Amino acid sequence: MNSPRSRPEIFSLLAVTAIAAVLVHQPATVYCAADGGIYPSQQQQQQEQQQAMMFTAPSGYYVSTYDHLDVGRLLRNQKVVSGFVKCFVNEGPCTPDGKLVKAYLLPEIIRTVCGKCTPRQKDMARIVLRHIYTYRRADFDKIIQIYDTDNKKNEIINFMNQY
């Protein structure tokens, strides 16, 4: 019988699944500059920086609050994984934490290929990436097709396969 998941376990799965899903590049609100270029608004840049900072520790890495969780055990719950994947690809509802991770944390993780992740977080991300790639390849491919706007797929696959 499955026991209910605690909020930290759900948030950790959300964050790690998000990394594995390698997705979520939310379109930015833009304005046209006098020179014809399109740039994110200064207000939006500041808001995104503030939101991303809530996930970043003073060390510059992401917070380590959930690093102790057993990612493998969480990934065995396909109902939870499916729910998060659907959230991230806009095919299902998101929890409040899911909305925050989707909107602010994931774009940075994708852009930097886990550049602010601690060694433990990188290991967790690789486990999730391998799982999604191996057992949910269609989801992985769909996510890449929809959200990899910076063309990071090869970097993400290389990251996923590092040991």
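A disulfide is here a pair of cysteine sulfur atoms within 2.5 Å. In this predicted model, two disulfides are counted by that rule. One of them joins Cys-87 to Cys-94, with an S to S distance of 1.9 Å, and Cys-87 is among the buried residues of helix α4.

**Helix α4**
- Helix α4 covers residues 78-88, and its buried residues are Val-80, Val-81, Phe-84, Val-85, Cys-87 and Phe-88.
- Viewed down the axis of α4, these buried residues fall within an arc of 160°, so they line one face of the helix.
- After α4 comes Asn-90, which has a positive phi, near 60°.

**Disulfide Cys-87 to Cys-94**
- The sulfur atoms of Cys-87 and Cys-94 lie 1.9 Å apart, within the 2.5 Å limit, and therefore qualify as a disulfide.
- The torsion about the S-S bond of Cys-87 and Cys-94 is about 105°, so this disulfide is right-handed.
- Cys-87 has a relative accessible area of 1%; this value is under 20%, so the residue is classed as buried.

**Disulfide Cys-114 to Cys-117**
- Cys-114 is joined to Cys-117 by a disulfide with an S to S distance of 1.8 Å.
- About the S-S bond of Cys-114 and Cys-117 the torsion is about -90°, so the disulfide is left-handed.
- Both Cys-114 and Cys-117 are buried.

**Pairing pattern**
- With the bonded cysteines of the chain numbered in sequence order, the pairing reads 1-2, 3-4.

Note on methods: Residues are numbered from 1 along each chain as its sequence is written. This is a predicted model: local features need pLDDT of at least 70, side-chain atom pairs count only at pLDDT 80 or more; totals for chains, interfaces and linings use all residues. Side-chain values use heavy atoms; hydrogens and water are left out. Buried means under 20% relative accessible area, exposed over 50%, partly exposed in between (1.4 Å probe, protein chains only). Helices (H or I, at least four residues) and strands (E, at least two) are DSSP runs, numbered from the N terminus. The arc is that of the directions from the helix axis to the C-beta atoms.
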